[in-house]
Amino acid sequence: MDKHAARDAIVEAGWQAVRDDGRVRTELLEVAYAEPRLRQLFPWTGMMELHFSRCTEQRWTWDIPYIQPATDNSWSSGPVEGHINRIKILKRQMYGRAGFALLRKRVLLA
């Protein structure tokens with residue numbers, strides 16, 4: 001097996017690993033894989049983004065732009081973050097006062 005065939009096998013295994021990973025939407029993977037120039041690069045994922053590298057070993061390079069999913073996500077963590085912030089504020093206000101029972105009542109009733 002020559003160098004190019006070995007590299008192609010590693011890149012194809014990388015594409016299969018990204019498909020099996022499930023962190024990137026399948027539509028995005030299909031579109032990226034259909035592009036011949038991208039298909040030759042080693043893919044890897046991070047934060048629901050699809051990154052590419054010319055290097056096939058660890059310490060992948062960041063010299064190639066990555067593909068980020070569109071920002072039309074139907075979910076947001078905003079409401080959850082608001083509740084967490086509210087609970088933290090209540091906790092700070094209650095520090096040094098009555099015990100856990102009163103803190104629990106204030107969290108549930110506030």
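Contact, as the word is used in this tour, means heavy atoms within 4.5 Å. The model on display is a predicted one.

**The whole chain**

Begin with the entire chain in a cartoon view. It contains 5 helices and 2 strands. Followed from the N terminus, the elements run α-α-α-β-β-α-α. Of the 110 residues in the chain, 23% are buried. Consider next the contacts between residues at least 6 apart in sequence: 32% of these join residues at least 24 apart.

**Stop 1: Gln-40**

Select Gln-40, which is found in the loop between H3 and strand S1 (42–46). Its relative accessibility is 54%, so Gln-40 counts as exposed. Which residues is Gln-40 in contact with, once its neighbours within four places in sequence are left aside? They are Arg-7 and Val-11. Gln-40 and Val-11 are 29 residues apart in sequence, yet their C-alpha atoms lie 7.0 Å apart in space.

**Stop 2: Phe-52**

Move to strand S2, where Phe-52 is located. Is Phe-52 buried or exposed? Its relative accessibility is 1%, and buried means under 20%, so Phe-52 counts as buried.

**Stop 3: helix H2**

Select residues 26–34, which form helix H2, and show the side chains. The buried residues of this helix are Leu-28, Leu-29 and Ala-32. These residues are on the same side of H2, because they cover an arc of only 100° around the axis.

What do the buried residues of H2 pack against? Their partners are helix H1 (3–21), helix H3 (36–39) and strand S2 (49–53). Strand S2 is also the element that holds Phe-52, the residue visited at the previous stop.

**Stop 4: the salt bridges**

How many salt bridges does a search of the whole structure find? The search finds 3. Each may be displayed in turn.

- Select Asp-21 and Arg-23. These residues form a salt bridge in which the closest N and O atoms are 3.0 Å apart. Asp-21 has a relative accessibility of 35% and counts as partly exposed. Arg-23 is likewise partly exposed, with a relative accessible area of 46%.
- Select Arg-25 and Glu-27. Their side chains meet in a salt bridge with an N to O distance of 3.3 Å. Arg-25, at 40% relative accessible area, is partly exposed. Glu-27 also counts as partly exposed, at 47%.
- Select Glu-35 and Arg-37. The side chains of this pair meet in a salt bridge, again at 3.3 Å from N to O. Glu-35 is partly exposed, with a relative accessible area of 30%. For Arg-37 the value is 64%, so this residue is exposed.

**Stop 5: helices H4 and H5**

Finish with residues 78–94, which form helix H4, and residues 100–109, which form helix H5. Two packed helices are described by the angle between their axes and by the distance between those axes. Here the axes come within 10 Å and cross at roughly 145°. The crossing of H4 and H5 is right-handed.

Which residues make this contact? On the H4 side, select Arg-86, Ile-87, Leu-90, Lys-91, Gln-93 and Met-94. On the H5 side, select Leu-102, Leu-103, Arg-106 and Val-107. Colouring this selection by residue class shows 6 nonpolar, 1 polar and 3 charged residues in the contact of H4 with H5.

Notes: Residues are numbered from 1 along each chain as its sequence is written. This is a predicted model: local features need pLDDT of at least 70, side-chain atom pairs count only at pLDDT 80 or more; totals for chains, interfaces and linings use all residues. Side-chain values use heavy atoms; hydrogens and water are left out. Axes are lines fitted to C-alpha atoms, for helices over the stretch in contact, and angles run from 0 to 180 degrees between N-to-C directions. Helices (H or I, at least four residues) and strands (E, at least two) are DSSP runs, numbered from the N terminus. A crossing is left-handed if the near helix is turned anticlockwise from the far one by less than a right angle, and right-handed if clockwise. Ala, Val, Leu, Ile, Met, Phe, Trp, Tyr, Cys and Pro count as nonpolar, Asp, Glu, Lys and Arg as charged, and the others, Gly among them, as polar. A salt bridge is a side-chain nitrogen of Lys or Arg within 4 Å of a carboxyl oxygen of Asp or Glu. Buried means under 20% relative accessible area, exposed over 50%, partly exposed in between (1.4 Å probe, protein chains only). The arc is that of the directions from the helix axis to the C-beta atoms.
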